[in-house]
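Walk through this model one step at a time.

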Amino acid sequence: MGTIVLLALIAGIVLWMVGAYNGLISLKNQVVNGWKQIDVQLKRRHDLIPNLVNTVKGAMDFERSTLDAVISARNRAIGATGVQQTAKAEGELTQALGRLFALTEAYPDLKATNNVAQLQEELTSTENKIGFARQLYNDVATQYNTRQMQFPTNLVAGLAKASPAELWEIEDASERAVPMVDLSANKRGA
Amino acid sequence: MSDDANLFAQQQANRRRSTWLTIGFILFFAWVGFGGDLAFWLLTADTPPGSYHHVVPFIGIFSVLSAAAICWYSWRHGAERVLWATGAWELIEPATPEQKQLVNVVEEMAIASGLPKPRVWIVPDTDPNAFATGRDAATASVAVTEGLLATLSRDELQAVIAHEMGHVRNLDIRLMTLLAGMIGAIALLSDGMGRMLGRGSTMGGRWGGGKGGKGGKGGNPLGVVILVLWLLTLVVAPVISRLLAMAVSRKREYLADATGAQLTRTPMALASALEKLEGATAATASISRGAAHLCIVDPSPGLMSSREGFLADFVASHPPIRQRIVRLRGMGYQQAKRETAGALSPP
């Protein structure tokens with residue numbers, strides 16, 4: 001009788017371990033997948049920027065510094081590795097693009113050409129996608145981090161080689177306010 | 001986590017509702033079929049030996065089989081039929097900037113909701129409206145009218161698509177699409193029966209007259225009662241089925257509004273989109289009554305969707321737009337309050 005109880009107990013523990021382990025692995029894969037989703041959109045954004053710069057270059061010759069800022073921010077973003085660094089570089093790129101778009105408002109002819117409108121729509125969409133993919137990534141990463149730290153599951157966390165995933169942190173308020181604030185700063189500077 | 005649990009509960013509830021709806025639908029057809037059989041059996045029971053006796057309940061067998069076939073068909077092809085009925089065409093290669101924007105927005109919302117990208121359709125109609133249909137997220141379609149593309153700004157379009165993705169994610173589309181198929185079938189059945197009875201009334205008169213002349217006591221009274229009940233069911237069935245669809249749809253709209261606002265994080269955009277949709281008072285001609293409950297706003301407004309009160313609650317397919325806007329505004333103000341509070345207090 002005693003051995004049966006013991007065996008049942010061991011079987012129960014093993015079953016629970018398998019479940020917990022698999023749960024962690026599945027979350028880990030979701031985190032990796034979430035990051036891939038972001039990565040796809042980031043690549044697309046990086047590919048779109050040279051097109052945009054080439055299109056507006058002729059018309060905005062005297063806004064050279066803004067264009068250069070976009071290009072260098074893009075190059076830094078491409079070179080960035082890891083969540084933290086990528087987040088920072090992409091945030092700067094967003095700001096630089098915001099400035100560029102704010103400036104294009106002053107060139108009605110430029111806005112009127114279909115190409116620029118199209119590129120702007122593409123970039124806006126890509127940025128939205130990055131934002132939504134980031135939401136999703138942060139959600140699963142938080143779930144993953146919580147799970148591997150909570151009590152019974154943390155016992156198998158080592159077995160599943162689980163380590164906390166980095167969140168993509170942004171200063172929400174500042175990012176939202178960027179284009180307007182920067183435009184005024186730019187005008188004062190010029 | 002609690003969001004996930006809530007979502008799971010919503011999906012479970014819709015699966016359950018879909019099952020009950022199917023069972024109810026088949027039971028209704030069983031009553032129509034076997035009830036008719038019973039009435040004819042009672043009415044022909046005491047006729048003389050040489051004349052017709054209704055013994056084999058073939059009406060019942062036939063109608064139950066066709067009900068099952070209709071359910072199966074609605075399940076497999078309901079979405080296609082709904083889209084076909086509205087004359088929608090699938091947007092695969094976006095040609096205009098507006099179409100490109102629509103595809104982009106749908107992709108964005110698919111990412112936000114973590115679902116596969118649904119197929120995108122355009123309904124050639126100048127009245128702004130939108131709906132989603134399909135069995136589940138993998139087979140979902142989102143359709144918008146040309147008028148919607150022309151009327152809304154990018155943010156508003158995004159909010160409307162987010163509302164539709166909410167329907168997809170909660171599995172509302174499954175229930176609604178099944179309902180659309182069944183409403184169509186019931187309307188067809190009622191029309192067909194009505195026409196048949198209309199043509200057969202002369203025959204019925206001869207029947208009654210013959211019996212009256214022979215026995216003096218008329219037919220079996222129970223048979224007559226059942227026959228009357230049976231006819232009554234056929235008359236009210238289309239109305240009842242539509243009321244059911246309305247009742248289901250009304251509850252789901254608030255939830256989809258909330259889900260949509262949660263996906264875009266801009267409840268105000270959906271509120272202003274609804275305001276524009278409300279402003280366009282013309283009816284969406286290409287969307288028939290049978291698919292009304294699928295749409296984001298009632299395609300034939302003016303009757304009830306703009307009114308409030310008990311009667312409107314009972315017969316409108318959508319909650320009053322005013323109330324939806326008020327709720328969304330409430331969400332928007334709360335969000336704004338949280339954000340300003342967050343900006344003021346040190347992090």
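Which residues does Leu179(B) touch, not counting those up to four places away in sequence? They are Leu21(B), Ala245(B), Val248(B) and His293(B). Keep in mind that this is a predicted model.

Leu179(B) belongs to the largest nonpolar core, which has 98 residues. It is among the residues with the most contacts inside that core, together with Met109(B), Ala143(B), Val160(B) and Ile161(B). Helix α6 of chain B, residues 172-214, gives the most to this core: 11 residues. Where does the core lie? Domain 1 and domain 2 of chain B both give residues to it, so it lies between them.

Now take the domains themselves. In chain B, the assignment gives domain 1 as 2-85 + 174-243. Domain 2 is 87-173 + 248-344. Their contact takes 21 residues from domain 1 and 23 residues from domain 2. On the domain 1 side, α1 (2-45), α2 (58-86), α6 and α7 of chain B each supply at least two residues. The largest share of that side comes from α6(B), with 9 residues. By class, the domain 1 side has 13 nonpolar, 5 polar and 3 charged residues.

Along the sequence the pattern reads α-α-β-α-β-β-β-α-α-α-α-α-α-α. Of its 347 residues, 42% count as buried. Consider the contacts in chain B with a separation of 6 or more: 72% of them join residues 24 or more positions apart.

Just after α5(B), Leu171(B) takes a positive phi of about 70°.

Two residues in loops also have positive phi. Arg265(B) sits in the loop between α7 (221-264) and α8 (267-279) of chain B. Its phi is near 60°, a positive value in a residue other than glycine. Is Arg265(B) buried, exposed or partly exposed, and why? It counts as partly exposed because it has 15 C-beta neighbours inside 10 Å. Lys161(A) lies in the loop between α6 (151-157) and α7 of chain A. Its phi is near 50°, again positive in a residue other than glycine. Lys161(A) is exposed, with 9 other C-beta atoms within 10 Å.

Pro319(B) is another loop residue, found between α9 (310-315) and α10 of chain B. Why does Pro319(B) count as buried? Because it has 21 C-beta neighbours inside 10 Å, and the cut-off for a buried residue is 20 or more. Leaving aside neighbours within four places in sequence, Pro319(B) is in contact with Arg250(B), Glu253(B), Tyr254(B) and Arg324(B). Ala247(B) is 72 residues from Pro319(B) in sequence. In space, the two are 9.6 Å apart, C-alpha to C-alpha.

Next, the contact between chains. Here 12 residues of chain B are in contact with 12 residues of chain A. On the chain B side, α3 (97-113) and α10 (321-344) are the elements that give two or more residues. The largest share, 8 residues, comes from α3(B). The chain B side divides into 4 nonpolar, 4 polar and 4 charged residues.

Finish with confidence in chain A. The chain averages a pLDDT of 81, and 88% of its residues score at least 70. Which elements of chain A have the lowest and the highest mean pLDDT? Helix α7 (residues 172-189) has the lowest, 38. Helix α1 (residues 2-57) has the highest, 90. Over residues 173-190 of chain A, pLDDT stays under 50. For that stretch the model has 18 contacts beyond four places in sequence. Where pLDDT is low, the predicted coordinates should not be read in detail.

Note on methods. Residues are numbered from 1 along each chain as its sequence is written. Chains are lettered from A and ligands numbered from 1 in the order in which they are written. This is a predicted model: local features need pLDDT of at least 70, side-chain atom pairs count only at pLDDT 80 or more; totals for chains, interfaces and linings use all residues. Two residues are in contact if their C-beta atoms, placed from the backbone, lie within 7 Å. Helices (H or I, at least four residues) and strands (E, at least two) are DSSP runs, numbered from the N terminus. Ala, Val, Leu, Ile, Met, Phe, Trp, Tyr, Cys and Pro count as nonpolar, Asp, Glu, Lys and Arg as charged, and the others, Gly among them, as polar. pLDDT is the predictor's confidence in each residue, from 0 to 100. A residue is buried if 20 or more other C-beta atoms lie within 10 Å of its own, exposed if 12 or fewer, and partly exposed in between; C-beta atoms are placed from the backbone. A nonpolar core is a set of buried Ala, Val, Leu, Ile, Met, Phe, Trp, Tyr and Cys residues joined through C-beta atoms within 7 Å. Domain bounds come from an automatic or database domain assignment.
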